[in-house]
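Me: I would like a close look at a single part of this structure. Please keep the answer plain and connected.

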Amino acid sequence: MQMPSTRTRIIAGAAVLAAVGVTAVGAVAVAAPDNAARSGAATAVQAQNVVATDHLTVAAAAKAAQAALAAAEKADQHVSVAVVDRNGNTLVTLRGDGAGPQSYKAAEEKAFTAVSWNAPTSTLVKRLEQAPTLNDIPGTLFLAGGAPVQAKGAPVAGIGVAGAPSGDQDEQFAQAGVAALNG
């Protein structure tokens with residue numbers, strides 16, 4: 001099954017948001033008092049009610065994914081690499097030549113886990129000893145191979161690698177992706 005392109009997913013998402021937005025605006029206009037509608041009352045929320053977050057660009061995500069894949073290829077390993085944004089949405093996924101079919105999804109889940117906890121997944125594996133039900137959280141994978149990407153001390157993305165014989169190697173390749181963003 002071929003995944004839709006990022007552009008296709010963005011366009012589809014925008015169409016859904018536009019449909020929701022039209023419905024919400026219609027509901028607000030109907031519920032608004034006549035004097036507020038006539039005066040053109042502002043619809044912007046106050047600044048203290050909004051949180052701004054940083055996100056990794058698609059170009060940076062592609063650069064990181066390529067660097068992680070190149071590090072794996074240099075070590076003669078066949079892996080998949082995924083980069084997710086701060087919200088866990090996949091930005092880039094690369095399935096290296098010869099990578100196993102399970103590696104694609106595992107890379108995404110490792111990236112999601114790393115960004116969700118803002119920690120390398122190798123350190124998160126140890127948390128399972130105290131809280132084994134963490135493993136039940138959908139979309140997570142508590143195996144070494146995921147690394148968070150930070151800006152200003154906060155997570156902005158996660159890089160996951162899967163397919164090497166060990167999680168330590170997967171994580172080494174993910175860290176090569178992070179390093180590419182710092183150079």
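Which residues does Ala65 touch, not counting residues up to four places away in sequence?

Reply: The model is a predicted one. Ala65 touches Val81, Val83, Val92 and Leu94, if residues up to four places away in sequence are left out. Ala65 itself sits in helix α3, which covers residues 58-74. Its relative accessible area is 0%. Buried means under 20% relative accessible area, so Ala65 counts as buried.

Four strands form an open sheet in the order β2-β1-β4-β3, and the pairing is antiparallel. The edge strands, each pairing on one side only, are β2 (90-95) and β3 (146-151). From one strand to the next the twist averages 15°. In general, strands of a sheet pair through backbone hydrogen bonds, either parallel or antiparallel. Strand β1 (residues 80-85) runs antiparallel to strand β4 (residues 154-162), and six bridges join the two. Val83, one of the residues that Ala65 touches, has Ile159 in β4 as its bridge partner.

Another helix, α4 (residues 101-117), packs on this sheet. Helix α4 touches β1, β2, β3 and β4, and its direction makes about 155° with that of β4. Several residues of α4 are buried, including Ser103, Ala106, Ala107, Lys110, Ala111 and Val115. The buried residues of α4 pack against the strands β1, β2, β3 and β4, and also against the helices α5 (121-130) and α6 (167-182). Just after α4, Asn118 takes a positive phi of about 50°.

The axes of α3 and α6 come within 7 Å and cross at roughly 135°. That angle makes α3 oblique to α6. The crossing is right-handed. On the α3 side, the contact is made by Ala60, Lys63, Ala64, Ala67, Ala68, Ala71 and Ala72. On the α6 side, Phe173, Ala176, Gly177, Ala180 and Leu181 take part. Sorted by class, the contact of α3 with α6 has 10 nonpolar residues, one polar and one charged.

To put the part together: Ala65 is buried in α3, touches Val81, Val83, Val92 and Leu94, and belongs to a helix that crosses α6.

Note on methods: Residues are numbered from 1 along each chain as its sequence is written. This is a predicted model: local features need pLDDT of at least 70, side-chain atom pairs count only at pLDDT 80 or more; totals for chains, interfaces and linings use all residues. Side-chain values use heavy atoms; hydrogens and water are left out. Two strands pair if DSSP finds at least two bridges between them. Axes are lines fitted to C-alpha atoms, for helices over the stretch in contact, and angles run from 0 to 180 degrees between N-to-C directions. Contact means heavy atoms within 4.5 Å. Buried means under 20% relative accessible area, exposed over 50%, partly exposed in between (1.4 Å probe, protein chains only). Angles under 35 degrees count as roughly parallel, over 145 as roughly antiparallel, 65 to 115 as roughly perpendicular and the rest as oblique. A crossing is left-handed if the near helix is turned anticlockwise from the far one by less than a right angle, and right-handed if clockwise. Ala, Val, Leu, Ile, Met, Phe, Trp, Tyr, Cys and Pro count as nonpolar, Asp, Glu, Lys and Arg as charged, and the others, Gly among them, as polar.
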